[in-house]
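Q: Can we go over the charged pairs in this one? Please keep it simple.

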Amino acid sequence: MTARHVTVHKPPEVAARANLRDYEVTRAAFTWASARAELDGLPGGALNIAHEAVDRHVAHGRGEHLALRWLGKGGEVRDLTYRALSEETNRFAGVLRALGVGRGDRVFALLPRVPALYVACLGTLKNGSVFSPLFSAFGPEPIAARVGLGEGRVLVTTEALYRKKVAPIRHTLPSLEHVLLVADASAGAERPAGTRDYEAEMRAASASFEVVATSPSDMALLHFTSGTTGKPKGAIHVHEAVVAHHATGKLALDLHPDDVFWCTADPGWVTGTSYGILSPLTHGITSIIDEADFDAERWYAILRDQRVTVWYTAPTAVRMMMRSGAAAARAGGAHALRFIASVGEPLNPEAVLWGLEAFDLPIHDNWWQTETGGIMIANYAAMDVRPGSMGRPLPGVDAAIVRRVGSGVEVVTSPDTEGELALRRGWPSMFRGYLHDDERYAKCFVGEWYLTGDLARRDADGYYWFIGRADDVIKSAGHLIGPFEVESALLEHPAVAEAGVIGKPDPVAMEVVKAFVSLKPGHAPSESLRRELLGFARTRLGPAVAPKEIAFLPSLPRTRSGKIMRRLLKARELGLPEGDTSMLEGAS
Ligand code: AMP
């Protein structure tokens, strides 16, 4: 029997302990109002994510419980209790206030996974300001585009990152008034001009701060995501999103008060914020933060030594671990895992089952995206798993497969029929806009439905199965990459006339970025030019976004209206049928 045709049944004792014991029953009873009632709120109907994530646990007598355990690259460990986290985040809020940074002002972080990143996020929210995380592997161009679009007033980063990636573009960012530098190993004796010392500012600030009474609809988080065309999009999330962070932590990740939780995602991406910072804290549990990059041995040791009970990771990481075999996972002694989940890309059925071999637990796939702010479709602890399926919609979330018909949509009712995945608008962590781009936001909705841009099907029992993206965005190692951003960077090279970028299938990363370029007259393809272009793109875009492969073409296929036909480039790359090419320039 292949992995595609098995069902992983859950033993009764697992169901008995789960927060969601019976899917249908929980779904029928669930309301977002009851989920909100599990949180404190602030007087006068105010709601602030940071209060729910930190201070309320101190108020409820859990101040000495461990909130964050940080594992440094070099073996250092730093523990922060809820009380300590409350004080640190108060200080950061105070630093912002002293700088004159207030409600609605945007605070960006460009940091590795160090405690300051977590403190800056929560302190920013306490101050009523808006937090926007940037992936530290971005190069100067993605950073400039995002801070510029988001009108960042404050940036928290390290000296090394500042010198390499921010200093060269700072003059293009007039809104950026304050840069706070967190000490790192490379910090020189003299701080770069126009920057402040994070630690000194924190020491000078008070450990007390009254959390700003934000309204549930105030902007809290700005997460940049990529589209097929144009600049990155700033998805706006509001304080009310915390209701979904909490409810999904409970229902989809099955968090219990005694859990030790490890989300391996970087907070530069939405998973690393919603679940790497916020959701576990709203549950008052302990989160593990690992500063280091992926390393199978290190990860197994963390799972075992930190007694991780709930682990939220990504298919690329699972596939990399699968390479070293289940025996490697089992070596070194018993683990404490109770629940494993994964998100960000399709989780192959084989990977679900590998979890059983390696940890005696299936890996539970779940689905969501930057715009949804939290998990929308999931495999639950007490529900049987159909390997390869993303699971069933969260209680409180209505999903459907739809087909676009004219300017409307039609819900597809027949099972196992491909269509676009849609969600009925109105869940608390739904994005409330794309910053400065109402038109693009409006285009995501047809009537009551939010159209996700993903193609999927629903089986007769209500399980959803991912088919692919409806657009050209690329998913590489779980990170969404906009082809336009990569093409724009390549076009800055004097030899490049045209650039078209696709995701090339890859057994581990799912896709890798591949660029096709044609050259301007006077330039000829060569190995040295190819290498120069790879380096050029990497310097500008950073390793997370830059192409891994570049191929030269005499010219790129374009539509009659002049758009590069990425789909055709991809079909040719894969040796697939070229589909409808009647729109191709030059076609008769
Ligand atoms: P992002 O906004 O960067 O989190 O990327 C969201 C996109 O990742 C979705 O629209 C999907 O295309 C993809 N994705 C997320 N979770 C899954 C999953 N479980 N299976 C397949 N694709 C997924």
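Q: Is Arg-196 buried, exposed or partly exposed?
A: Arg-196 counts as partly exposed, at 32% relative accessibility. Buried means under 20% relative accessible area, exposed over 50%, and partly exposed in between, with a 1.4 Å probe and protein chains only. This is a predicted model, where local features need pLDDT of at least 70, side-chain atom pairs count only at pLDDT 80 or more, and totals for chains, interfaces and linings use all residues. Residues are numbered from 1 along each chain as its sequence is written, and side-chain values use heavy atoms, leaving out hydrogens and water.

Q: Which side chain does Arg-196 meet in a salt bridge?
A: Glu-201, at 3.4 Å, N to O. A salt bridge is a side-chain nitrogen of Lys or Arg within 4 Å of a carboxyl oxygen of Asp or Glu. Glu-201 is partly exposed at 22%.

Q: How many salt bridges are there in the whole structure?
A: A search finds 49.

Q: What about Arg-404, which side chain does it meet?
A: Arg-404 meets Glu-420 in a salt bridge of 3.1 Å, N to O. Arg-404 lies in strand S17 and Glu-420 in strand S19, so the pair ties together parts 16 residues apart in sequence. Strands (E, at least two residues) and helices (H or I, at least four) are DSSP runs, numbered from the N terminus.

Q: Is Glu-420 buried or exposed?
A: Glu-420 is buried, with a relative accessible area of 8%, while Arg-404 is partly exposed at 47%.

Q: New topic: which residues do shared partners join into one network?
A: Arg-27, Asp-398, Arg-424 and Glu-448.
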